[in-house]
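Here are a few exercises to work through with the model open beside you. Try each task on your own before you read its solution.

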Amino acid sequence: MHDPFLLLNLPRGFDLDDCVLRGALIKASLDWHPDRFALASEQERQRAEAKMAELNEAYAQLRDPLQRAEILLSLAGFPLGEGSDHTSSPEFLMEMMEWKEKAAEHEKGDNPEQLHVFCQQLQQEIDQRVEKLRDGFRAWQKADYCPGTVAPLRALLTEAIYLQRTLDSLQEATQHHHD
Amino acid sequence: MVYSEKVIDHYENPRNVGSLDKDADNVGTGIVGAPECGDVMKLQIQVEDGVIKDAKFKTFGCGSAIASSSLATEWLKGRTIEEATEIRNVDIVEELALPPVKIHCSVLAEDAIKQALADYQKKQEEKS
């Protein structure tokens with residue numbers, strides 16, 4: 001499997017400082033920078049370009065905590081999987097339904113202040129889960145990635161992804177409005 | 001994404017949107033989701049004398065997810081519980097001419113039906 005941690009020569013883990021990540025990208029990019037291939041053959045130049053694209057992609061994936069968490073779970077052999085969700089509780093899905101209902105109202109409404117407050121609330125819900133993920137991944141690492149403790153991590157991440165998608169699509173839709 | 005006419009029809013005129021009393025004995029509720037697309041779907045059935053008298057849904061998601069659940073409620077009404085278990089996602093795919101990338105929407109609808117039926121049956125067992 002494609003491992004962005006390996007590509008950027010970083011230790012696998014959820015805790016990842018932005019500066020460290022940025023540094024790792026720069027270091028890994030040195031050998032592949034287009035300037036070094038100005039006089040190289042077309043084939044070599046293309047290879048370097050592809051490598052740079054791969055490194056940038058790895059950087060973008062690791063920078064986003066939710067994608068980082070998803071990658072860590074996949075690498076450990078517990079991918080979230082696509083399609084129907086068999087992880088979330090009906091209670092959470094009900095709660096999600098309410099968030100979506102409110103998001104739909106804010107999308108139609110014309111009150112930028114209320115919209116802003118609502119987006120902040122959603123962001124808080126996401127942040128809370130990211131914090132819990134941080135603790136969870138630390139505990140999981142300490143437990144030598146014992147499969148027994150992976151379920152709550154998957155549930156937390158799944159919830160955070162729902163909330164993030166809702167926030168993203170609301171922001172996308174409302175930006176459009178005000179342009 | 002090009003949607004079929006049937007998807008557009010269900011999307012623009014969704015049938016049976018709404019909610020039923022989830023605490024009622026004769027109502028079964030199914031709630032499912034797909035995190036990657038952020039879709040959430042709720043589907044409810046109201047059963048009288050073993051026949052589904054009413055079905056309602058509420059879906060937040062793409063056109064195909066809305067159309068799949070809208071069609072599911074149409075198909076559920078008038079069926080017995082037995083008959084309702086026979087609805088398969090492939091039937092929804094065929095009816096709505098869903099493209100391969102949207103097949104998961106029909107799976108979501110089938111899961112919602114199964115959950116609603118299971119919820120109803122659980123309530124009946126608890127009652128007796």
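**Exercise 1.** In this predicted model, find which residues B:Asn89 touches, leaving out those up to four places away in sequence. Then decide: is B:Asn89 buried or exposed?

*Solution.* 
- Step 1: Start by locating the residue. B:Asn89 sits in helix 4 of chain B, which covers residues 89-96.
- Step 2: Now look around it. With residues up to four places away in sequence not counted, B:Asn89 touches B:Ile103, B:Ser106, B:Val107 and B:Glu110.
- Step 3: Check the accessibility. The relative accessible area of B:Asn89 is 15%, and the cut-off for buried is under 20%. So B:Asn89 counts as buried.

**Exercise 2.** Work out how strand 2 of chain B pairs with strand 1 of chain B and with strand 3 of chain B.

*Solution.* 
- Step 1: Take strand 1 (residues 27-34) of chain B. Strand 1 and strand 2 of chain B are antiparallel partners, with 8 bridges. For an example of residues facing each other, look at B:Ala34, which is opposite B:Asp39 of strand 2.
- Step 2: Move on to strand 3 (residues 51-60) of chain B. Strand 2 and strand 3 of chain B also run antiparallel, joined by 9 bridges. In strand 3, B:Thr59 lies opposite B:Met41, and B:Asp54 is the bridge partner of B:Gln46.
- Step 3: Look at this second hairpin. Here 2 residues lie between the strands, and B:Asp49 takes a positive phi near 50°.
- Step 4: Finish with the cover on strand 2 (residues 39-48) of chain B. The strand is mostly covered, with 9 of its 10 residues buried.

**Exercise 3.** Over to chain A: how are helix 5 and helix 6 of chain A arranged, and which residues make the contact?

*Solution.* 
- Step 1: Get the angle. The axes of helix 5 (residues 90-108) and helix 6 (residues 112-142) of chain A come within 10 Å and cross at roughly 155°.
- Step 2: Name the arrangement. Angles over 145 degrees count as roughly antiparallel, so helix 5 of chain A is roughly antiparallel to helix 6 of chain A.
- Step 3: The crossing of helix 5 and helix 6 of chain A is left-handed.
- Step 4: Pick out the contact residues. Helix 5 of chain A brings A:Phe92, A:Glu95, A:Trp99, A:Lys102, A:Ala103 and A:His106. From helix 6 of chain A come A:Gln114, A:Leu115, A:Phe118, A:Gln121, A:Leu122, A:Glu125 and A:Arg129.
- Step 5: Sort them by class. This contact has 6 nonpolar, 3 polar and 4 charged residues.

Conventions
Residues are numbered from 1 along each chain as its sequence is written. Chains are lettered from A and ligands numbered from 1 in the order in which they are written. This is a predicted model: local features need pLDDT of at least 70, side-chain atom pairs count only at pLDDT 80 or more; totals for chains, interfaces and linings use all residues. Side-chain values use heavy atoms; hydrogens and water are left out. Axes are lines fitted to C-alpha atoms, for helices over the stretch in contact, and angles run from 0 to 180 degrees between N-to-C directions. Helices (H or I, at least four residues) and strands (E, at least two) are DSSP runs, numbered from the N terminus. Angles under 35 degrees count as roughly parallel, over 145 as roughly antiparallel, 65 to 115 as roughly perpendicular and the rest as oblique. A crossing is left-handed if the near helix is turned anticlockwise from the far one by less than a right angle, and right-handed if clockwise. Contact means heavy atoms within 4.5 Å. Ala, Val, Leu, Ile, Met, Phe, Trp, Tyr, Cys and Pro count as nonpolar, Asp, Glu, Lys and Arg as charged, and the others, Gly among them, as polar. Buried means under 20% relative accessible area, exposed over 50%, partly exposed in between (1.4 Å probe, protein chains only). Two strands pair if DSSP finds at least two bridges between them.
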